[in-house]
2 protein chains.
Amino acid sequence: MDILNSLEWRYATKKFDPSKKLSNQQIETLKKAFNLTATSFGLQPIKMIVIQNKELQEKFVEHSYYQRQVADASHLLVLCIETDTPTSAIITYFDLEKEVRGVKEEVVSNFRKQLVDMYQNKSIEEKQLSATYQTYIALGNLMTVCAVEKIDACPFEGFIPEKIDELLNLKALNLKSVLMLPVGYRANDDVMSGMKKVRKPISETILEIL
Amino acid sequence: MDILNSLEWRYATKKFDPSKKLSNQQIETLKKAFNLTATSFGLQPIKMIVIQNKELQEKFVEHSYYQRQVADASHLLVLCIETDTPTSAIITYFDLEKEVRGVKEEVVSNFRKQLVDMYQNKSIEEKQLSATYQTYIALGNLMTVCAVEKIDACPFEGFIPEKIDELLNLKALNLKSVLMLPVGYRANDDVMSGMKKVRKPISETILEIL
């Protein structure tokens, strides 16, 4: 199936089949795909929590405006930001680059200094906003990967992050939840699955300059 | 090639081959993929500008911290937000849904009212931030689609949006630039193209709860 057919096949699944589970291999694909997401300067200030625990998933429902997908999906992915991007995170990134790519200290030192200075000038709020943007890149990547892999998914902004952070004890991990993506298989009777996509004509959403 | 190999193949292209052009069919794929991007409530408060004009692309260089990719790439994609999401945009969305899906007024009226109220309670800044998030979803989607289609790309936050808005006269169109994605073919001598990816181990970026 070509990529456009995959994107057409994808839809925000309203009702999952709670009896169907994704395979370990499918979950491994999503984990690797998340980790391969491009992030600003490669710093990866984001984390993904993969939940496969019905009892816990049920507790998400009341904090998700009673949308059942969080409980009924095979797995629930929660995309989080790290609450800070300290200088040490930047140093660690360049240490990793030196190790993985075998580049020398003098190759990275100038750019590292620039980046450290740039981040030291940002407020916590600015750093969190920048990290938040990266969770949306990951969401876009994951939804497309799911479409290619024929995994049903439903992107969620509609939940109360503070409640989810409490439920998962994220404060202790210096994390904040931003987005959720229940993944699994659509229920046979999900009325949305047969619906045509609603999209503006391309002539309205795209401008071309030749 | 499977999806993970595609994501491994992808990298932030540092040097494009200015002599190589993407085909019309490739550009059509990217346009359709952009339009199929999931957006919050399906409202699509974003637009993509597709530029294939070397003279114009050269003018981007000085506003992009002198990174040549914006000029050398086959095409330059600029992802923009609409500066407002007025009630009329919400009404138009539901009119389109009724038309495309053949659903009746009484099916949509409650949810439309909820959404109109929700957006009327948002400030312009909140609406712009929400739209900005959607451009990052589109970026994540487009980068993955490019990877699958073997199109080289380089995601860009590093430019001066106000200058780009001026250059493209976006204010008159009620748009603001947020992200850029030069697309095309890597140059044979792009030193970054042979580099290993730098990524934290999955054990650090992913938590699992069973």
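Select A:Glu82 and B:Lys200: their side chains meet in a salt bridge, 3.8 Å from N to O. Keep in mind that this is a predicted model. Between chain A and chain B the count is 4 salt bridges.

**Stop 1: the interface**

Show both chains and colour the contact. Chain A gives 66 residues to it, and chain B gives 66 residues. Together the two chains bury about 6200 Å² between them. Carbon and sulfur atoms carry 65% of that buried area.

**Stop 2: chain A as a whole**

How many helices and strands does chain A have? Count 9 helices and 5 strands. Trace them along the sequence and the pattern reads α-α-β-α-α-β-α-α-α-β-α-β-α-β. The C-alpha trace spans about 60 × 50 × 30 Å along its principal axes.

Now look at how chain A is packed. Of its 210 residues, 54% are buried. Take the contacts between residues at least 6 apart in sequence: 79% of them join residues at least 24 apart.

Chain A exposes about 9600 Å², with 51% supplied by carbon and sulfur atoms. Colour by charge next. Chain A holds 27 positive and 28 negative charges, and their mean positions are 2 Å apart.

**Stop 3: helix 2 of chain A**

Select residues 24–35 of chain A, which form helix 2. Pick out A:Glu28 and A:Lys31, 3 residues apart, about one turn of the helix. They form a salt bridge, with the closest N and O atoms 2.9 Å apart. A:Glu28 is partly exposed at 32% relative accessible area. A:Lys31 is buried at 7%. A:Glu28, A:Lys31 and B:Glu208 are linked in a network of salt bridges.

**Stop 4: helix 5 of chain A**

Move to residues 87–101 of chain A, helix 5. Select A:Glu97 and A:Arg101. Their salt bridge has its closest N and O atoms 3.0 Å apart. The two residues are separated by about one helical turn, because they sit 4 residues apart in this helix. Buried or partly exposed: which is A:Glu97? A:Glu97 is buried, with a relative accessible area of 12%. A:Arg101 counts as partly exposed at 22%.

**Stop 5: a pair in chain B**

Select B:Arg112 and B:Glu105. They form a salt bridge whose closest N and O atoms are 2.5 Å apart. B:Arg112 counts as buried at 14% relative accessibility. B:Glu105 is partly exposed at 33%.

**Last view**

Show every chain again. Over all chains, the structure holds 26 salt bridges.

Technical notes. Residues numbered from 1 in each chain as written. Chains lettered and ligands numbered in written order. Predicted model: local features only at pLDDT ≥ 70, side-chain atom pairs only at ≥ 80, totals over all residues. Heavy atoms only, no water. Buried < 20%, exposed > 50% of the residue type's maximum accessible area, 1.4 Å probe, protein only. Contact = heavy atoms within 4.5 Å. Areas by Shrake-Rupley, 256 points an atom, 1.4 Å probe, with all protein chains shown as cover. Lys, Arg positive; Asp, Glu negative; His and termini not counted. Charge placed at Lys NZ, Arg CZ, Asp CG, Glu CD. Buried area = accessible area lost by both parts, 1.4 Å probe.
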